[in-house]
Amino acid sequence: MIADGGVALSVSDLHTTLAFRDRSVDVVRGVSFSVRRGETLALVGESGCGKTMTALSIMRLLPDPPARLTGGQILLDGRDIRSLPESAMRSLRGEAISMVFQEPLTALDPVFSIGEQLVELIRAHRKVSKQTARNLAVEILKEVQIPSAETRMRDYPHQLSGGMRQRVMIAMALVLDPSVLVADEPTTALDVTIQAQILDLIKTEQEQRQLGVLLITHNLAVVSRVARRVAVMYAGEIVEEAPTQQLFDNPKHPYTQGLLRSLPSASDERHYLYSIPGRVPDPRALPPACLYAPRCPFAVDRCWEEHPRLVGRDTGPLLRCWNPQPFSRIEEIERSEEQRQAATAE
Amino acid sequence: MLRYLGRRSAYMALIVLLSSVAIFYSLRFAPGDPTGVTLNPLTAREAREAYREHLGLNRPVYEQYLIYVGRLVHGDLGTSLVNGSSNLELLQFYGRNSLVLGLTALALSYLVAIPLGILAAVKRNKWPDQLAMGGAILGMGIPNFWLALILVYFFSLNLNLLPAAGCCSPNQLILPAIVLAAEGTAVTTRMVRSSMLEQLRQDYVRTLRAQGLPEWRVVGRHVLRNALIPVISLSGLRLGWLIGYALIVETIFRWPGAGFLLVDSVIRRDYPVAQFFSLVLVFFVVMANWLADISYGLANPVVRRA
Amino acid sequence: MSTISRRRQEWERQVALAQAARPSRLRLAWQELSSNKLALVGFVIVLLYCLVALLGPVLAPNYATQVLNDARLAPLTPGHLLGTDDLGRDMLSRLVLGVRISIAVGLGTTAIALLVGTVAGMIMGYYRGWVDTIVNGFVEMVWGFPLILIAVLMVGALGPGLVGVVLAVGLINWAGFARIIRGEVLVLREREFIASARALGTGNTAIMVKHLLPNVIGPALVMGSYYVAVAIIVEAGLSFIGMGAQEPLPSLGKMVADGRGYMLVDHWISTVPGLAIVLLVLGLNVLGDGLRDIFDPRLRER
């Protein structure tokens with residue numbers, strides 16, 4: 001397909017609505033980003049911020065009802081996939097764009113062996129014999145470093161360890177050589193040591209196949225290990241996007257700063273763990289302008305009057321904020337807060 | 001798997017044993033005895049006493065039980081006090097009829113319930129679902145004897161299409177089989193539907209769709225196979241209920257099956273027949289549960305490979 | 001007041017409003033039940049039947065077993081609102097008494113089975129060990145047994161009559177409850193709130209009654225509704241074939257049987273009690289479904 005550097009997945013102004021008993025709520029509001037081949041874009045945010053919904057919207061796997069894709073454009077390898085009929089979309093899934101989910105035990109059918117599931121997947125998209133499909137399956141299992149792949153084919157999901165199951169999921173996602181891989185919290189359910197292995201596997205596969213990877217996670221450590229660019233999501237919107245190192249070194253959005261600040265660090269002299277005050281807004285009663293304003297230490301009048309837009313150059317960092325402050329200011333605020341609490345305690 | 005089977009089998013054997021004791025004792029517990037039925041009421045006291053002695057009815061109950069077990073082991077299954085036929089002969093005739101009726105009802109119920117349940121689940125809350133569920137609730141609510149009465153009223157008395165009683169032509173099988181199958185069909189339909197819905201909510205369904213598998217494969221192969229597992233494990237219970245209801249249905253339609261015979265022999269205090277056929281039915285219930293357990297073990301790979 | 005504080009107050013008020021709209025658990029349960037129209041109908045039906053059963057003789061104008069020879073097979077007349085049967089007895093009175101019997105048998109046996117089963121299930125699930133193994137052995141043995149078979153044998157042992165039926169139902173149904181309660185207790189006892197209660201020194205019985213019972217009783221009540229229906233059907237069925245209630249008790253099943261011979265002449269004699277049973281059982285089943293939707297939101301199919 002397109003040579004290194006081409007855009008594999010392009011999402012513009014995506015809107016997804018969730019219908020409740022008495023009202024509808026936008027859970028994805030105007031999200032835009034692109035993923036290039038051979039590059040990993042991390043989509044970061046707390047639970048409930050809409051990142052999984054975004055992924056499902058792209059795959060067009062939304063549970064309808066109650067969720068519906070209501071606006072925006074999705075281009076896969078330059079092709080519009082949003083307006084495709086379902087049958088056409090179905091043949092793209094697994095073949096041009098694949099998804100890996102969070103909990104591998106429940107994500108695999110327990111009554112079929114992994115070999116059977118792999119073969120079925122292959123033959124659903126390609127007209128090959130059972131034997132050819134089986135060979136392909138064994139190959140891909142070897143590629144994701146599953147020992148004794150041949151015999152493993154007959155194993156059932158419950159007989160494999162968590163890490164192995166996730167490797168199988170990845171194998172299934174990659175066997176048909178897609179352009180894009182969407183990974184929704186692929187390591188959250190795994191042990192820490194296994195997490196690193198899986199992430200490295202994804203990275204290796206990405207380099208070999210020039211995959212575009214959309215990595216969804218709430219874990220910033222994961223991000224720093226594999227992603228080239230990071231987009232931070234809050235309440236259904238992207239609030240900041242930048243190359244990984246730049247984001248970690250110089251976060252601009254107060255939310256991003258808060259997230260980074262709340263990472264525990266061994267080198268800290270802090271006596272407590274920082275957490276962002278307040279809670280994610282209730283979709284039934286959203287703040288009138290900037291959605292982060294109620295929790296933001298730098299909020300000014302404009303933040304409560306006008307909804308900030310995402311600004312920045314195409315290849316540069318993007319930011320959605322009226323009053324960004326340098327990272328060091330958070331530390332100052334923290335310190336004065338600490339002093340105040342110490343004072344009232346006495 | 002083997003350990004699982006071994007445990008179930010030991011259980012079953014224990015149940016059969018305990019049941020035989022319970023049946024034996026309970027029948028002898030009641031007032032009256034077979035001599036009241038089998039002998040002419042004008043028989044002299046001494047003759048009646050002699051007959052009781054002959055039947056061993058004056059011995060302590062546990063002794064009677066042991067004698068009974070002894071005879072069973074040697075192949076002597078007992079003889080009817082009413083008409084003298086051996087239990088074996090009775091089993092061959094009545095047992096066969098029950099099997100015919102029972103298997104027909106069973107086949108009927110699953111052949112209807114499974115497709116209907118699937119349809120209801122797939123078209124959830126639309127009219128096929130509402131209709132199927134409405135029918136199921138009715139099927140559960142209408143007692144089988146009343147259903148029998150109504151069907152007989154319409155098909156036999158009014159329309160004269162089907163016979164109201166007797167055995168053993170296919171025509172005579174239709175109504176009893178329908179009545180017997182009704183309740184089980186209703187319950188199984190609901191079970192299949194809820195099991196399907198439960199499976200459709202599972203994560204693996206989303207994975208399969210994300211892999212681009214056609215919907216008919218996702219539902220027809222994966223969801224269905226998972227959904228049928230609890231249905232299989234409950235089939236033993238269903239069969240047990242079928243056997244229970246058969247007692248009533250056979251009596252209503254005068255279908256000469258084991259259930260009919262059991263009810264009849266209990267009324268007449270024909271001990272040997274009542275005992276034997278109770279035991280046979282208990283054995284069947286136990287067998288059915290045992291087979292259901294095995295099938296469940298085979299169908300569920302988590303148990304199979306344990 | 002600055003823009004921020006004003007806007008902020010406005011917004012916080014909106015949030016409070018949205019949060020306050022969330023009703024309490026009891027209200028939610030009631031809302032659930034009343035929105036499920038079918039279940040509500042079932043509830044009302046069952047309630048009506050219970051009322052009839054309670055008021056019994058007060059509603060039955062004519063003594064149900066009084067034979068009026070000159071009024072046999074009479075159709076609906078002011079004196080006999082539902083006509084008379086083949087022996088000239090008033091159908092309405094008999095119906096009311098029949099309902100009484102059905103409700104008594106159904107509710108009575110199920111109440112006892114619920115009590116015994118709950119106690120057994122809680123003890124098994126909570127203490128586990130050898131108590132669990134032994135009692136559960138009984139439960140597993142009894143649970144799969146067809147009620148009707150046992151009832152027939154009971155009748156064989158005790159002679160025809162309601163006693164045999166009631167005993168049989170009681171002997172079997174408790175196992176169903178025990179099973180469910182045991183399962184729920186086994187899961188719940190691992191939760192933290194039990195461990196914390198124990199850490200606070202709460203006695204075992206207190207834990208079982210105060211903490212476990214309210215949480216496990218829900219599924220049991222759901223089963224209870226179905227079990228009452230089963231008990232009623234079994235009793236009616238056995239009475240129908242002559243092994244249950246005997247003369248002059250007007251069990252609904254027996255009434256249907258009595259009218260069997262007259263189907264072509266006056267089907268009313270069988271139809272009325274038959275419909276009475278069907279309506280009651282339907283109401284119970286539908287109520288059971290509604291209760292299930294309330295107590296087990298996981299199973300709720302939205």
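In chain A of this predicted model, the charged end of A:R302 is placed over the ring of A:W322, at 3.5 Å from the ring centre. Chain A also holds a cluster of aromatic residues, in which A:Y234, A:Y255 and A:Y292 are linked by ring pairs.

Over all chains, the count comes to eleven aromatic pairs. One of them joins B:Y153 and B:F154 in an edge-to-face arrangement, with 5.4 Å from centre to centre and 70° between the planes. The two partners can also be described by their accessibility. B:Y153 counts as buried because its relative accessibility is 18%, under the 20% cut-off. B:F154 has a relative accessible area of 42% and is therefore partly exposed, as this value falls between 20% and 50%.

A further edge-to-face pair is found in chain C, where the rings of C:F177 and C:Y227 lie 5.0 Å apart, centre to centre, with 75° between their planes. This pair links distant parts of the chain: C:F177 belongs to helix 7 (residues 162-188) of chain C and C:Y227 to helix 9 (residues 204-240) of chain C, 50 residues apart. C:F177 is buried, with a relative accessibility of 0%. C:Y227 is buried as well, its relative accessible area being 13%.

Helix 5 (residues 129-143) of chain C consists of 15 residues and reaches 21 Å from its first C-alpha to its last, close to the 21 Å expected at 1.5 Å a residue. Its buried residues are C:D132, C:N136, C:G137, C:V139, C:M141 and C:V142. In helix 11 (residues 268-295) of chain C lies C:N285. This asparagine counts as buried, because its relative accessibility is 3%. What is C:N285 in contact with, leaving aside its neighbours within four places in sequence? The contacts are B:M140 and B:G141 in chain B, together with C:Y226 and C:A229 in chain C.

The mean pLDDT of chain B is 83, and 94% of its residues reach 70 or more. Within chain B, confidence is highest in helix 9 (residues 203-210), at a mean of 93, and lowest in helix 2 (residues 35-38), at 63. Where pLDDT is low, the predicted coordinates should not be read in detail.

Methods: Residues are numbered from 1 along each chain as its sequence is written. Chains are lettered from A and ligands numbered from 1 in the order in which they are written. This is a predicted model: local features need pLDDT of at least 70, side-chain atom pairs count only at pLDDT 80 or more; totals for chains, interfaces and linings use all residues. Side-chain values use heavy atoms; hydrogens and water are left out. pLDDT is the predictor's confidence in each residue, from 0 to 100. Helices (H or I, at least four residues) and strands (E, at least two) are DSSP runs, numbered from the N terminus. The expected span of a helix is 1.5 Å times one less than its number of residues. Buried means under 20% relative accessible area, exposed over 50%, partly exposed in between (1.4 Å probe, protein chains only). Rings of Phe, Tyr and Trp (its six-membered ring) pair if their centres lie within 6.5 Å; planes under 30 degrees apart count as stacked, over 60 as edge-to-face and the rest as tilted. A charge sits over a ring if NZ of Lys or CZ of Arg is within 6 Å of the ring centre and within 35 degrees of the ring normal. Contact means heavy atoms within 4.5 Å.
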